Structure formats: structure tokens, C-alpha cells
Amino acid sequence: MDLVDLRSEEGLQLHAHLSTIAPPTSEAPDDFFEWSANGISSELYSSSRTWEVLRPRSDKKDWADLVWFKVSVLKHAFTMWVANLNRLPTRVRLASCGLQVPLTCCLCSTLEENCDHLLRTCDYSIIVWKLVLARLKPHHQMFQSWIRQSNASAPAVFRKLAAQAIVFQLWKQRNNILHNSEVRNTISAKKT
Ligand SMILES: [Zn+2]
């Protein structure tokens, strides 16, 4: 049975290529195999090199340096990364996926719970931001430029660490309320 579909351009090219290869004979040297990725051949398979070739790529986000930096806390950075991608499973996001869930914010029980509200504009979150960042002089209207600024009392790395810790704790607090019915006021939330 002919497995090559000669009606397609790829099939024709494959057929033409196979026609140029001499059939195996007993006098021919033994076959060998090699792995090739991005023009680099090796007898050993490398999953990391293969992933680098196969993984989908997109342009670097302008907030990447706010998420990934040397001294970041991994679990904080991960939550910050997911939040920046707007993929935290907030109630609005879950509802957009077809789940029957209430839309109200777990922290304030007033407005719709989307990522921006939950982490920035919720009354609960605003208080936490103010309490924690009071000494770092945050400016919410220009958050990204503020976090990149640096001075002796508030180096940029402190600002980034603090911002990531707050995002992580706000998300954790939201989940505590939702799954454990554990409510903390904003003063105790900043100490965890
Ligand atoms: Zn809220």
C-alpha cells in the first residue's frame, strides 16, 4: 500500500526525495541515528534543547523585569506572572469559562472580582497596599514607573519584592476566604 499522498505538494517532494536514496544492501555500512535540533546534531537526546526548539514564543512583555529578577521569591514571582497575564482564576474569569459562580469579589463582597479589581482597586487591597508600601511612597496612577524607580530608602529591588509579596498575599487571602472561610483584617494580612 502506498502511504504517501502523491496528490499533495509535500507528498510529491517526499516521493522525489525517496527516489534519490539507494535501497539498503548487505554491503552497505550499518545504519546510525542522531538527534538534530536547530542544526546541532548529537547522538544523545536533549529534552531541554528540543523544548527550546519546539516551545511557542512571543515578544518579551514590558513587565518581564518586574516579575523575573535574581532575588525574587519564586512563589511570589509565579503569582505575579500569572496576574500580569490576567490568568488568575478570578470569579469573572471562571464565569467567562462557563462556570456558574457568583461574580462578587471575595474580599469586599461588593464589586465584580476581576484581576485588576482584586489586586489593585478593591477597598481591601488598597488598604494593604497603603499599609505595606507607606515607607516606599507608592504612586498608584503610575505603578509601573514607580516600581522601576530607585532611591536610597527604597531601591527598585525592594519595591519589586514588596509588590510581589502583596499580590501573592492578596491572592492567598482571597483563596482563604473562598475555600477556608478564613477572614483576616488588613492589619493581620500584612503580617503573613
Ligand atoms: Zn473587592
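Q: What makes the 20 residues of the largest nonpolar core a core?
A: A nonpolar core is a set of buried Ala, Val, Leu, Ile, Met, Phe, Trp, Tyr and Cys residues joined through C-beta atoms within 7 Å. The largest such set here has 20 residues, and Leu107, Leu118, Leu119, Ile166, Val167 and Leu170 have the most contacts inside it. The model is predicted: local features need pLDDT of at least 70, side-chain atom pairs count only at pLDDT 80 or more, and totals for chains, interfaces and linings use all residues. Residues are numbered from 1 along each chain as its sequence is written.

Q: Which element gives the most to this core?
A: Helix α9 does, with five residues. The elements that give two or more residues are α3 (64-67), α4 (74-84), α6 (115-121), α7 and α9 (156-180). Helices (H or I, at least four residues) are DSSP runs, numbered from the N terminus.

Q: Why are the buried residues of α7 said to lie on the same side?
A: In α7 (residues 123-133), Tyr124, Ser125, Val128, Trp129 and Leu133 are buried. Buried means that 20 or more other C-beta atoms lie within 10 Å of a residue's own, with C-beta atoms placed from the backbone. These residues cover an arc of only 135 degrees around the axis, so they are on the same side of α7. The arc is that of the directions from the helix axis to the C-beta atoms.

Q: Which residues count as contacts of leucine 118, leaving aside its neighbours within four places in sequence?
A: A contact needs C-beta atoms, placed from the backbone, within 7 Å. Thr90, Cys105, Leu107, Glu113, Ser125, Leu170 and Arg174 are in contact with leucine 118.

Methods
Buried ≥ 20, exposed ≤ 12 C-beta atoms within 10 Å, placed from the backbone. Contact = placed C-beta atoms within 7 Å.
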